[in-house]
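The sequence and coordinates are shown first, and the description follows.

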Number of protein chains: 2
Amino acid sequence: MLNNKMTELLHIKYPVLQAPMAGGVTTSTLVAEVSNAGGLGSIGAGYLTPVQMQKQIREVKKLTANYFGINLFVPNKFTFTENEIHIAHKTLQPIREKLGLQQSENSEIPTATDYYDVFKEQIRVIIEEKVPVCSFTFGIPSQDVIDVLKEQNIILIGTATTVREAIEIEKQGFDLIVVQGSEAGGHRGHFMNGFQESLIGLMSLIPQVVDQVSIPVIAAGGIMDGRGLMAAICLGAKGVQMGTAFLTCIESGAPETHKEAILNADEDQTVLTRTFSGKWARGIKNRFIEEMQEHETSLPEFPVQNILTQTIRKTSTLQYNQDFMSLWSGQSPRLAKTQTVAQLMKDIIAGANSLGVKHE
Amino acid sequence: MLNNKMTELLHIKYPVLQAPMAGGVTTSTLVAEVSNAGGLGSIGAGYLTPVQMQKQIREVKKLTANYFGINLFVPNKFTFTENEIHIAHKTLQPIREKLGLQQSENSEIPTATDYYDVFKEQIRVIIEEKVPVCSFTFGIPSQDVIDVLKEQNIILIGTATTVREAIEIEKQGFDLIVVQGSEAGGHRGHFMNGFQESLIGLMSLIPQVVDQVSIPVIAAGGIMDGRGLMAAICLGAKGVQMGTAFLTCIESGAPETHKEAILNADEDQTVLTRTFSGKWARGIKNRFIEEMQEHETSLPEFPVQNILTQTIRKTSTLQYNQDFMSLWSGQSPRLAKTQTVAQLMKDIIAGANSLGVKHE
């Protein structure tokens, strides 16, 4: 009853994708457990080197015989000046001092070309390892990348925040579209629309997208249980992608302090901020966001600011200090639980079936 | 199948409420046609004098024998200084000139006490006319007002944007709660939470509210058809309140230029602004919003700014000029149609039934 052309394409039993959260959340166990439970697990490889990626893909293969996915960031062009970096370091200095960190040395910042070279290597590994599903965030890769992946019959998923972006993804030959509602935690995936224009709630976004594209649409943002899955299906989606719900699972690699912050948060405590990475993202409001807020719009762009705050975020995590970590979360933290992936998947499907929506 | 304790309480056939949009949209014909079609029509009386209100209530009664509702703004305390008014007039002057308006004379601004006196008169009329349902926006009225309405068995609906606000509404003895998602058009209804904190998408808001309150919840924001109705029900709501979908109906009193702006808009063209009224509201971006944006945060609060922009909005409307009107709209303008209320209601129910969700 929950099967449709999307589940068929992805060789999954249930229309539930685990969001490919970057930064260590998607352990091999998490990914494999989702796929073993009938959903699609996915490696968030945005910050992984090609070597780390290859190692994790092989680990996941040992833990599941089912389909799984991998997600890459499409590299963006970016520029920065020495002066910008100097000012950003200066605004971060009081926070470094609170954490007992040394005066910051000049961070080594790779160029856009360096990032693109890594991206090409990541693509090479995905092909070599025959990863069944590859999704992209922050844009659409160039035609040659799409072509080479399609030649290998790798299923391609794009991420859109508006109808315009969804139409473009379909036009470029993708198989599926994840639509990211304003409810979503972590980084915003807009790439044609501006940040403010991209903040559309799923209740509005799903039906407007499905009316304009013909490939299957997967809904992401604030969905935590069978109620959300069935609501997304009523609106015209073929399935859902869930991040925060998997992040607090026992198998997730998120720091315990991050999990606890979500488990203790209310729906009105997340905010959108670009202070951590230079790219807008949703997380639980903490001291870092508050203290950096006045500099919000003048900070360097992604990934520059992300590099500059790396030591701060890492040190805060090691000190079990929620004040200066990025506590990414969607708008439904009240629905988060500590449980295994198997239990979460079981509850989602039971909840969905109890509502008994007819479809396909 | 679409019946539940909410439809029973409101004596309606279908769980669809027409949002009580203020400012002339909710003509007596619109309200009566919704109630005649099995939903709950509602008069947006926020800007009506007690005399105008009484006249419209009597008109509606002649056009329908069914239940209908009325909505009031809970008056807020506000202050202003002569200097604030002077600066606001100065920022509006270039726009007045474009519309061929005279240099603004000093507008007569009533006090908070004046507004409260009108509010008490409005309550008196509602009791005298035995309006079956009364809803409130911008807060919760004082206990004596709640008591006197409940004594008359008038059904009370409160408006919440967060779980905290919903819990407070239930605590104060209301019968039903409308939860307003971030998708909603027109003014934001937050009264305990700040504006930014109140922007929660319905996919997140509905399940988190229904888990914490026991009175029926009605979902509002971006819902335009049977897909949205069934999605809201899956998430735990007992029904929906729809604004933009009714605003473009033939029977609505919205200016044709406003209807056309919605019918031609995309999902990424609405913005949140307080430039028109001093209170945050969602509408289609136009020249007024753009030109006033730099003064956004320093403008006088509601209802002061609303009074100062009144002549501009009225003149722009009379000149069929979309540039300086408030073009309120939710985030789903692509789903808006020109049709009768009867047709819209018929389509909503047919669409919902085709999805066949089990409930109650």
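Which residues of helix α2 (residues 28–36) of chain B are buried? The buried residues of this helix are B:Ser28, B:Leu30, B:Val31, B:Ala32, B:Val34 and B:Ser35. Here buried means under 20% relative accessible area, exposed means over 50%, and partly exposed lies in between, with a 1.4 Å probe and protein chains only. Helices (H or I, at least four residues) and strands (E, at least two) are DSSP runs, numbered from the N terminus.

The model is predicted: local features need pLDDT of at least 70, side-chain atom pairs count only at pLDDT 80 or more, and totals for chains, interfaces and linings use all residues. Residues are numbered from 1 along each chain as its sequence is written, chains are lettered from A and ligands numbered from 1 in the order in which they are written, and side-chain values use heavy atoms, with hydrogens and water left out.

## Helix packing

The buried residues of α2(B) pack against β1 (16–18), β2 (41–44), α3 (50–63), β3 (68–73), α10 (244–247) and α15 (341–355) of chain B, where contact means heavy atoms within 4.5 Å. Just after α2(B), B:Gly38 takes a positive phi of about 100 degrees.

Just after α9(B), B:Gly236 has a positive phi of about 115 degrees.

Helix α9 (residues 226–234) of chain A and helix α9 (residues 226–234) of chain B have axes that come within 8 Å and cross at roughly 175 degrees. Axes are lines fitted to C-alpha atoms, for helices over the stretch in contact, and angles run from 0 to 180 degrees between N-to-C directions. The two helices are therefore roughly antiparallel to each other; angles over 145 degrees count as roughly antiparallel, under 35 as roughly parallel, 65 to 115 as roughly perpendicular and the rest as oblique. In this contact A:Arg227, A:Met230, A:Ala231 and A:Cys234 meet B:Arg227, B:Met230, B:Ala231 and B:Cys234. The residues of the contact divide into six nonpolar, no polar and two charged. In this classification Ala, Val, Leu, Ile, Met, Phe, Trp, Tyr, Cys and Pro count as nonpolar, Asp, Glu, Lys and Arg as charged, and the others, Gly among them, as polar.

## Aromatic rings

Over all chains, the structure holds 24 aromatic pairs. Rings of Phe, Tyr and Trp (its six-membered ring) pair if their centres lie within 6.5 Å; planes under 30 degrees apart count as stacked, over 60 as edge-to-face and the rest as tilted. The rings of A:Phe78 and A:Phe80 are stacked, because their centres are 6.4 Å apart and their planes stand at 15 degrees. A:Phe78 is buried, with a relative accessible area of 10%, whereas A:Phe80 is partly exposed at 29% relative accessibility. A:Phe78 also pairs with A:Tyr115: the centres are 5.8 Å apart and the planes at 75 degrees, so this pair is edge-to-face. A:Phe78 lies in the loop between β3 (69–73) and α4 (82–98) of chain A and A:Tyr115 in helix α5 (residues 112–128) of chain A, so the pair ties together parts that are 37 residues apart in sequence. A:Tyr115 is partly exposed, with a relative accessible area of 27%.

Ring pairs also link A:Tyr47, A:Phe73, A:Phe138 and A:Phe302 into a cluster. The charged end of A:Lys279 sits over the ring of A:Phe138, 4.1 Å from its centre (NZ of Lys or CZ of Arg is within 6 Å of the ring centre and within 35 degrees of the ring normal). In chain B, B:Lys279 lies over the face of B:Phe138, at 4.1 Å from the ring centre.

## Backbone geometry

Most residues other than glycine have a negative phi, and most peptide bonds are trans. The table lists departures from this pattern.

| Site | Value |
|---|---|
| A:Phe302 to A:Pro303, cis peptide bond | omega near 0 degrees |
| B:Phe302 to B:Pro303, cis peptide bond | omega about 0 degrees |
| A:Tyr320, positive phi | phi near 50 degrees |
| B:Asn153, positive phi | phi about 60 degrees |

A:Pro303 is found in the loop between α12 (287–292) and α13 (304–308) of chain A. A:Tyr320 lies in the loop between α14 (310–318) and α15 (341–355) of chain A and is exposed, at 68% relative accessibility. B:Asn153, in the loop between α6 (143–151) and β5 (155–160) of chain B, is exposed with a relative accessible area of 65%.
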